[in-house]
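Reader: I have a protein open on my screen and would like to talk through how it is put together. Could you take me through it a piece at a time?

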Amino acid sequence: MDAKGVSGLLRGFLCVVCVAALTLPVQAADTTWQQDPNTPGSWFEANNWDSGVPTTADTAYITNGGVAQITAGAAEANFIYVGQTTGQSGTVSQLGGELTARYEIYLGHDSGATGAYELAGGTLTAMKGEHHEPWLIFSEPVYCSVFIGKGGAGSFTQTGGALVAGSVRVGQEATGSGTYTLSGGLLDIRNLRVGIEGSGTLNVADANAPFRITRRLAFGPGGRFSAPANTTVQMSWPTPHYRNTSVRFENEATDPNALSGLSNVTLVYQCVHGTLEVGGQDMGETTAGQTNNFALKSLEVGRDSNVGRIELLDLADNQPALDGNEALYVESFSITPGSMLHLNGNKLYVNGTEVGPGDGNDYGGGLILPGNPNSKGLHGDMDCDGKETTDDISPFVLALVDPNAYIALYGLHPDMVGDIDGSYKMDSDDINPFVRIICGTSRPYVPEPATLVLLAVVSLPLLSRRRPPLKS
Ligand SMILES: [Ca+2]
Ligand SMILES: [Ca+2]
Ligand SMILES: [Ca+2]
Ligand SMILES: [Ca+2]
C-alpha cells in the first residue's frame, strides 16, 4: 500500500473516531431579558428574565433594548444573543465576576440588530469546556467565538477585565459592522479577525493594555486598525503544548490608511512558527516607505530567552493598483540568537536599508534566510506547494536525513518548517505531529495504532541512512 493509501485509511479511521467522540447537543431552553429597558438590572435576578436566570443549558436573549449587569458572581448561558433580529438591541455591562458562555456570543446577530458589551472588570469566557480524549496526554480547552457585529452592528468596549475566547470576529458577514475598543484589561486570544467579510474596527486606545494573539491576527478588506504610540502586539504561544501551531499575521486590506495603527505597533514573535504578510509598495531603500505603507514601527523576532521563527509571506495583493512584489518596511528590527527569519524572496527594509543574508548586519544574532518564494507559510508544508499533503512526506524524510540537501533545494531551514512539536529541532519526535498535520486532524496526537502505521512508512528510509552534521 502506498503512502496515499495509508493516509486515506487513516483519515477515514480518524473521521469515524471524531464522529463517535462528538457529544450529543444539550437540550437547550430559552430565556429572554424582560426587565424595563430604561432600568439596568442584575443578570442574577430571576424576574429580569421570562424563564429565569440562564443556566448552561439555556440560550440567553437580551433583545428588548435593556441592560443586563454583572458585578460579581458566576453567570452562565449556552449561547448568548445581544440583539438578535432586525430592530432589536441590548447591552451587557460587566463590572466584575464571571460570565461563561458554553458556545458563541453574538452582539448584533442579524442585519438591523444592535448589540453591545461593556467589559470593565471580571472575566468573559466563550468555551465548550475541557476536551479530553482517552489517547491524549493532556486535555485542552475548546474555545468558542465572540461575534462583534455578525450580520448587524456590534460593539465591544473593554476598559478592564479579561476576554477569553477562541475567536473574536469583528464585522463577520457582509452586512455586519463591529468595533472592538481596547482601553484596559487583558486581550489574550487565539484568533482576532477584523473586517473579513463585513466592516470591522480594532481600536487600541491604551498602549499599556496587554494584547496577545496566539494563532491569528487577520485584517480583511473591511478592516480598520488604530493604535497609540508604543503599542506592543505579542504573537506567541500560550503554553508549551501549543507550540506546534503557527501564529499568523494576515492582511487583506488595500488601503494603508485603514490600518494606520500598524505604524505605532511593535510586533513581537515568540513562537516556533509564525508568518507575517507583507503589504507595502516597494519603494526601494528609502525611509519614505515607512509612511502610509503598511509599515510597522518595529519587528522583533524573539525576545528575551524566547525565540521566534517566522516567514514573510506575500499571499494577498495589498497594492491592487501596482504590479510587482510588495515589501515590508519597519523602523527598527531585531532577531535574537536561535531565532529565524525566512524572507521567502520578499524584501524587508529597516529604516531605509534592505536586510538580507550576508548584508553584514546581524540585527541581534538570529538567522536570516532567503526562504522559498513559493512558500505559503504552512507548518509542515515541506515541499512549499501551499498544501500539507502526503507529497510532503518525501521532503520531510529528506530534511530529517540530509538537512543540507533540503536547504539547498528549498531555501528553508528544516528546524523551522519541520520542527512541528516545538522542540526547536527537527528530529524523529516530529514524525508523530507531522502525521497529525498531513492527516488533517486538529487533534494534538493521533490514535496510537494509526500513528504506528504511518510512522513505519515514514521512518523506513531512515533506517538505512544517518543524519550528517548540519553546516551552520
Ligand atoms: Ca501582500
Ligand atoms: Ca499589486
Ligand atoms: Ca506540501
Ligand atoms: Ca522537534
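Author: Gladly, and one term has to come before anything else: a residue is called buried if 20 or more other C-beta atoms lie within 10 Å of its own. Please also keep in mind that this is a predicted model.

Reader: Fine, so with that cut-off, which residues in α5 are buried?

Author: In α5 the buried residues are I431, F434, V435, R436, I437 and I438. That makes six of the eight residues in the helix, which spans 431-438, so α5 is largely enclosed by the rest of the structure.

Reader: And what about the protein as a whole, what share is buried?

Author: Of the 472 residues in the protein, 49% are buried. As for secondary structure, the protein has six helices and 33 strands. Among contacts between residues at least 6 apart in sequence, 69% join residues at least 24 apart.

Reader: Let's turn to the strands, then. What is the order in the open sheet of eight strands?

Author: The order is β2-β4-β7-β10-β14-β17-β19-β21, and the pairing is parallel. The edges are taken by β2 (41-42) and β21 (223-226), each of which has a single partner strand, so one side of each is left without a neighbour in the sheet.

Reader: How many bridges join β10 to β14?

Author: Six bridges join β10, residues 114-119, to β14, residues 153-158. One pair you can look up is E118, whose bridge partner in β14 is T157.

Reader: Moving along that sheet, what can you tell me about β19?

Author: Strand β19 covers residues 199-204, and five of its six residues are buried, so the strand is largely enclosed by the rest of the structure. On one hand β19 is joined by six bridges to β17 (residues 177-182), running parallel, with S177 partnered by S199 of β19. On the other hand β19 pairs with β21, also in the parallel sense, over four bridges, and there T201 stands opposite R224 in β21.

Reader: Now β22, is that strand mostly covered or open?

Author: Strand β22, residues 231-236, is mostly covered, with five of its six residues buried. It runs parallel to β20 (residues 211-219), to which two bridges join it, and M235 in β22 is the bridge partner of I213. With β24 (residues 265-270), β22 pairs in the parallel sense over six bridges, including the one between S236 and Q270.

Reader: Which residues touch the most other members of the largest nonpolar core?

Author: Those are I80, V82, M235 and L267, in a core of 107 residues. The largest share of this core, six residues, comes from strand β29 (residues 326-335), and the core draws at least three residues from each of domain 1 (29-369) and domain 2 (390-463). If you want to follow I80 itself, and leave aside its neighbours within four places in sequence, it is in contact with A60, A101, I105 and Y106.

Reader: One last topic, backbone angles: where does N230 sit, and what is its phi?

Author: N230 lies in the loop between β21 and β22, and its phi is near 70°, a positive value in a residue other than glycine. Most residues other than glycine have a negative phi. N230 counts as exposed because it has 12 C-beta neighbours inside 10 Å. D304 likewise has a positive phi, about 55°, although it is not a glycine; D304 is in the loop between β27 (296-301) and β28 (309-313), and it is exposed, with 8 other C-beta atoms within 10 Å.

Key
Residues numbered from 1 in each chain as written. Chains lettered and ligands numbered in written order. Predicted model: local features only at pLDDT ≥ 70, side-chain atom pairs only at ≥ 80, totals over all residues. Pairing = 2+ DSSP bridges. Core = buried A, V, L, I, M, F, W, Y, C linked by C-beta atoms within 7 Å. Domains from an automatic or database assignment. Contact = placed C-beta atoms within 7 Å.
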